[in-house]
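Hi,

Here is the structure I said I would pass on.

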Amino acid sequence: MGIRALIVDDEKPARDELAYLLGEHPDVEASQADGAEAALAAMAVSRPDLVFLDIRMPGRDGFDVLAEAASLPHVPLFVFVTAFDQYAVAAFEQNAVDYLLKPVAAERLAVSLDRVRRRLAQGRAGLTDALGSLLAGLGRAGGGLARVAVLRHGRIALLPAAEVVLIEADDRDVGALTDQGRYPCHGFPTLTRAEERLAGQPFFRANRAVLVNLERIAELSPWVGGKYLLVMNDPARTEVTVSRNRVRDFKERLGL
């Protein structure tokens, strides 16, 4: 069974060295990403089985990658390539995530790959829970998915949550409304699943069919039947009704 691997490191020499070492293992096919943004895009499209992830990177670090990866439809295995302290190493081991200390030794890499092969042979169940436990163990419990994957122009695009006005479900699919238009969501088969994955982000279930981005509300007012009417901050000034049984929670979220 071949292993599709992704090497994520902001330093090209480090990526090239690890790629060279992986070349000694014929069942591993490795690609590279130079940072968190490139890694998340590659993971959404190429769906690697394994990610060699550097933790310390400028801008968004490896923990940001880890938090968002837990919400991808295809969760990969992670091997951390780092020089972290013993506390972090213990957390990695406890949650069944391997690590390599820099500089990477060929012998230690071979041991890690054997672990990966065994884990892949056992199946992928529990990977999302393992990532969540790892983040919690390191005091970095994620605040939910910070990106929304959508199908746009034949590709999977990762949109920052701030760009999403609302997420709605209809008879066709679950879609994200943005200032540029509506796009089908990738990895959200139902609105309930979207709500779960976006927990911790500024989204609220306004009614049975719509999640609104609270930070994209332009105006709101009481409406008939104890409901609330929202006007969203998008070019179309989209209107959304908050169901009567959700008004109390809505007002609490906004501190009203």
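Below are my notes on the fold, the salt bridges and the surface.

First, the ground rules. This is a predicted model, so to speak of local features I needed pLDDT of at least 70, and side-chain atom pairs count only at pLDDT 80 or more, while totals for chains, interfaces and linings use all residues. Residues are numbered from 1 along each chain as its sequence is written, and side-chain values use heavy atoms, with hydrogens and water left out.

The overall picture: the protein has eight helices and 15 strands, taken as DSSP runs numbered from the N terminus (helices are H or I with at least four residues, strands are E with at least two). Of its 256 residues, 46% count as buried; buried means under 20% relative accessible area, exposed over 50%, and partly exposed in between, with a 1.4 Å probe and protein chains only. Among contacts with a separation of 6 or more, 56% are between residues 24 or more positions apart, where contact means heavy atoms within 4.5 Å.

Now the sheet. Five strands make an open sheet in the order β2-β1-β3-β4-β5, with parallel pairing (two strands pair if DSSP finds at least two bridges between them). The edges are β2 (28-33) and β5 (98-101); each has a single partner strand, so one side of each lacks a neighbour in the sheet. From one strand to the next, the twist averages 20 degrees. β4 (residues 77-82) pairs with β5 in the parallel sense over four bridges, and valine 81 has leucine 100 in β5 as its bridge partner.

Two helices pack on this sheet. Helix α2 (residues 36-46) touches β1 (3-8), β2, β3 (50-54) and β4, and its direction makes about 165 degrees with that of β1. Helix α3 (residues 62-69) touches β3 and β4, with its direction at about 175 degrees to that of β4. For these angles, axes are lines fitted to C-alpha atoms, for helices over the stretch in contact, and angles run from 0 to 180 degrees between N-to-C directions.

On to the salt bridges, counted when a side-chain nitrogen of Lys or Arg lies within 4 Å of a carboxyl oxygen of Asp or Glu. There are 14 by that rule. Aspartate 54 and lysine 102 form one of them, at 3.4 Å from N to O. This pair links distant parts of the chain, 48 residues apart: aspartate 54 sits in strand β3 and lysine 102 in the loop between β5 and α5 (106-122). Aspartate 54 is buried because its relative accessible area is 5%, whereas lysine 102, at 34%, is partly exposed.

Elsewhere, aspartate 170 pairs with arginine 172, their closest N and O atoms being 3.1 Å apart. Here arginine 172 is exposed at 65% and aspartate 170 partly exposed at 34%. Aspartate 173 meets arginine 182 at 2.8 Å, N to O. Shared partners join Glu168, Asp170, Arg172, Asp173 and Arg182 into one network of salt bridges.

Last, the surface. The accessible surface comes to about 12,700 Å², with 50% belonging to carbon and sulfur atoms (Shrake-Rupley method, 1.4 Å probe; for residues, only the protein chains shown count as cover). Leu220, Leu254 and Leu256 make a nonpolar patch of about 250 Å². Patches consist of residues with over 30% relative accessible area and no salt bridge, with like charges joined within 9 Å and nonpolar side chains (Val, Leu, Ile, Met, Phe, Trp, Tyr) within 5 Å. Leucine 220 lies in strand β13 (residues 217-222) and is partly exposed, at 35%.

Cheers
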